[in-house]
Amino acid sequence: MMYKKIVNDFTNICRKILGENLTGVYLHGSAAMGCFHPKLSDVDFIVVVEKSIPDGVKLDFMRELIVLNAQAPAKGIEMSIVRRKFCAPFVYPTPFELHFSAMHLNWFRENPGNYVEKMTGTDKDLAAHFTILKKCGIVLFGEGIDKVFGEIPPEDYTDSICCDIENALGEVSENPMYMTLNLCRVLAWLREGLILSKREGGEWGIEKLPEEFRGLVIHALHCYEEGQEMKTEPESGRKFAEYMLKEIRERGGALR
């Protein structure tokens, strides 16, 4: 596991800074699903605490986290801290205490006090993250997943993953690999109730989608596995996205 040191060091930071307030630390995402790629994947964590975290503690936590993030694979660390009472019974959209991903790095560096004050709220993505945790997450510290996380209603998971692809018509030309594979795994869920990684979504698409789209999905999957940038004709990506969004809507995916 090339990211083992990051996982261990992150867990130690949580234990040191959060202390007795810490319920557990959990690994999810591609690292837990067996399809981690050092060029394309971030390392995804959920941290659960018993009670709210003071801003001073958040500052201490973030200062250590960004040092660790500099040692992480290319896309860095993504993590959310949530209170246990919102995990079971599950609350949607899910409130969080603190969130971080590489896209927020400059905000914290430029104004750490503002960051820890404002980086709170609710996040629909957590329904998808918790669902992956329930399926294949890894306990790094603390209580078991089934003891901490309640059932995520299917309609909440559907809404969560559909929010991620509702702008697919525009984004498929900007990030064709990600959007192609993500559309596949959303449709696989709505058609067959399958909870898939991006790689598994691509494999499902190659088998289940019309012949005219298989070449595009094969190309996306190859680029994902090789860590390459995907280049394709904008019109082919748009045609694929239009077909997939139509299929998703017809199967109950609520899209704007």
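Here are a few questions and answers about the salt bridges in this predicted model.

Visitor: How many salt bridges are there by this rule?
Guide: Side chains of opposite charge can pair when their charged atoms come close. To count here, a side-chain nitrogen of Lys or Arg has to sit within 4 Å of a carboxyl oxygen of Asp or Glu. By that rule the count is 16.

Visitor: Which residue does D146 meet in a salt bridge?
Guide: D146 sits in helix 7 (residues 145-148), and its partner is in helix 6 (residues 125-136), so the pair ties together parts 12 residues apart in sequence. The N to O distance is 3.3 Å. The partner is K134.

Visitor: Is D146 buried or exposed?
Guide: Exposed means over 50% relative accessible area. D146 comes in at 63%, so the label is exposed.

Visitor: How many residues apart are E247 and R191?
Guide: These two form a salt bridge, with their closest N and O atoms 3.0 Å apart. E247 belongs to helix 13 (residues 234-250) and R191 to helix 10 (residues 176-192). That pair links distant parts of the chain, and the separation is 56 residues.

Visitor: Is E247 buried or exposed?
Guide: Buried means under 20% relative accessible area. E247 has 9%, so we call E247 buried.

Visitor: What is the distance between the closest N and O atoms of E192 and K208?
Guide: E192 lies in helix 10 and K208 in helix 11 (residues 198-208), so their pairing ties together parts 16 residues apart in sequence. E192 is partly exposed at 37%, and K208 is partly exposed at 32%. The closest N and O atoms of this salt bridge are apart by 2.7 Å.

Conventions. Residues numbered from 1 in each chain as written. Predicted model: local features only at pLDDT ≥ 70, side-chain atom pairs only at ≥ 80, totals over all residues. Heavy atoms only, no water. Helix = DSSP H or I, 4+ residues; strand = E, 2+ residues; numbered from the N terminus. Buried < 20%, exposed > 50% of the residue type's maximum accessible area, 1.4 Å probe, protein only.
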